[in-house]
Amino acid sequence: MRKSPERVLPGRSRPWQDYALFVVLVVPNLALLTVFVYRPLADNIRLSFTDWNIADPVANSVGFDNYIEWWQRDDSWKVVGNTVIFTVAAVVVSMALGLALAMLLDRKLFGRNVVRSAIFAPFVISGAAIGVAFQFIFDPSFGLVQDVLHRLGVDNVPDFYQDPEWALFMVTLTYIWKNLGYAFVIYLAALQGVRAELLEAAEMDGASSWTRFTRVLLPQLRPTTFFLSITVLLNSLQVFDIINVMTRGGPLGNGTTTMVFQVYEESFRNFRAGYGATVATIMFVVLLVVTLIQVRVMDRGER
Amino acid sequence: MKHVGPQTLSYRRRERAVTALGYVAMVCVLIIVGVPLFWILITSLKDRSDIYTQPAVYWPHSWRPENYSHATTTVPFWTFLRNSLIVTGVVSVVKFALGVFSAYGLVFLRFPGKNIVFLVIIAALMVPNQITVISNYAFIAQLGWRNTFQGIIVPLFGVAFGTFLMRNHFLSLPAEVIEAARMDGANWWRLLTRVVLPMSGPTMVAFAVVTLVTEWNEYLWPFLMADSADVATLPVGLTLLQNTENPSVTNWGPVMAGTVLTMLPILIVFLALQRHMIKGLTSGAVKG
């Protein structure tokens, strides 16, 4: 993090004017974030130790009961598994494909700008709309995917609505389709800042394409890769719209339920907000640990 | 210098191969992105007989633009559109003002612990909405603000990303110009509106577009807040349409028409302003 250089006259008198103005300009935003982000974050941890039903004003403390229940329930691990598969696939596939496409399109090609907009366009469309659209695209009887597969000679087209594994595949693919453009656009911008002379020097030294890629290009893209790995992870961990619209967490109860969806389902459909808060807290702690590991790995790489 | 000849030759050959590969990739991308969008658009104009059939029909035998009037009358579509415009408009304007003011304060004013304040503001980016939703829901319900615009709007006001974006930009402005304006006795409002903001056009547009798109697509919070159609936004309304058109088999024609109508406004904004949006998203990433 860059420290803010002083943009104020050093010897200027009457700092109280500055203080007052700072309070007027910055504190409203700070207050809003405190009330609607940090307060509920803390409150969520408190609620995770209660049996609160969202419709009821009373919340009884139950100690660690919710956490014990979470640890012992079979469906917790199914949900964690879904979350890991969804998130890892989203992060790895969209970053790898995004980088590959960015490298291929980082040259003078006719019609490049059109294609660049096309890859990025799904990113701005509402997840709910994309979810509804892709629900029909994956329709096992009349959808686009089954038609294309039939034409390619695949006889046993999977039932994306009924088979939990294929349903998870369906929502993951839909999410990647929507978000690929983000990693692509950011890698493309980063490639413009890559020092070409280093790549040329490596080429002169007779380094193979693979060596040049792993030893020269990737290290230069490291900050971007780091930034993407955190933002894509954060975003994909939060996906609610696509899952709610396409599968409502099903089939078979929790075929595509991720932790975020479970938080919603327990709190607002099963009226067990205490338990929902527990899942949310666990998710937040995991997220924090993963981010810290990412930062650590990044630091070590730079040394 | 003997080896230079063959190497540049092979270099050229490889360049040509990579260019060809680039065109292949471009075609693949156009197919992967374009075909689903085409399919949605075509379905929205298809008659039932062309939808529920195998093999699929890629060019309708008879066109049914009535799907659109069906979609906009079975649910109060224009109300959803109006609500989306209200929510997105108000949230974006307030966020924009708060973001610019916060960034100005953090860069140009003296205040003890300024950097800590900044850290507190951007750390909010690390807290997913889904974790704050339970408590915020209870809080808003207590205020009696469920199914109201203020209930949907106010909790979305706090701005972390925009503050970060504007602050980075303000820090890059030439100090001499700012000092000169100060020496001339410009007060903070003059300094902001006459000196700082005129040098911040592209970043402001980037901030505005990213905010517009994010707020337009906001789903979970309005979904929880709005039980009634009176305040439901477009993405929430689309869920409503999907549910009403789903007796046993989804009536895909009107549902796809509603989907197209939901996608269209933001796609138009995107096509007009994509350059700025991309700039906004990348400036956080690439400069580090």
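Residues are numbered from 1 along each chain as its sequence is written, and chains are lettered from A in the order in which they are written. Local features of this predicted model need pLDDT of at least 70, side-chain atom pairs count only at pLDDT 80 or more, and totals for chains, interfaces and linings use all residues, while side-chain values use heavy atoms, with hydrogens and water left out.

Chain A contains 13 helices and zero strands, where helices (H or I, at least four residues) and strands (E, at least two) are DSSP runs numbered from the N terminus. The radius of gyration of chain A, 24 Å, is well over the 19 Å given by the globule rule for 303 residues, so the chain is more spread out than a compact globule. This radius is taken over C-alpha atoms, and the rule is 2.2 Å times the number of residues to the power 0.38. Along the principal axes, the C-alpha atoms of chain A fill a box of roughly 80 × 70 × 35 Å. Of its 303 residues, 53% are buried (under 20% relative accessible area, with exposed meaning over 50% and partly exposed in between; 1.4 Å probe, protein chains only). Among contacts (heavy atoms within 4.5 Å) in chain A between residues at least 6 apart in sequence, 66% join residues at least 24 apart.

At the interface, 109 residues of chain B are in contact with 106 residues of chain A. The size of an interface is often given as the accessible area lost when the parts come together. Here the buried area (the accessible area, 1.4 Å probe, that two parts lose on being put together, summed over both) is about 9600 Å², and carbon and sulfur atoms give 72% of it. On the chain B side, R110(B), I131(B) and I134(B) lose the most area to chain A, together accounting for 9% of what that side buries.

Within chain B, helix α13 (residues 234–244) is largely enclosed by the rest of the structure, because eight of its 11 residues are buried. Among them are L234(B), P235(B), V236(B) and G237(B). M199(B), in contrast, is partly exposed, with a relative accessible area of 30%, and lies in the loop between α10 (188–196) and α11 (201–217). Beyond its neighbours within four places in sequence, M199(B) is in contact with H169(B), L173(B), P174(B), V177(B) and I178(B). M199(B) and V75(B), 124 residues apart in sequence, are separated by 46 Å, C-alpha to C-alpha.
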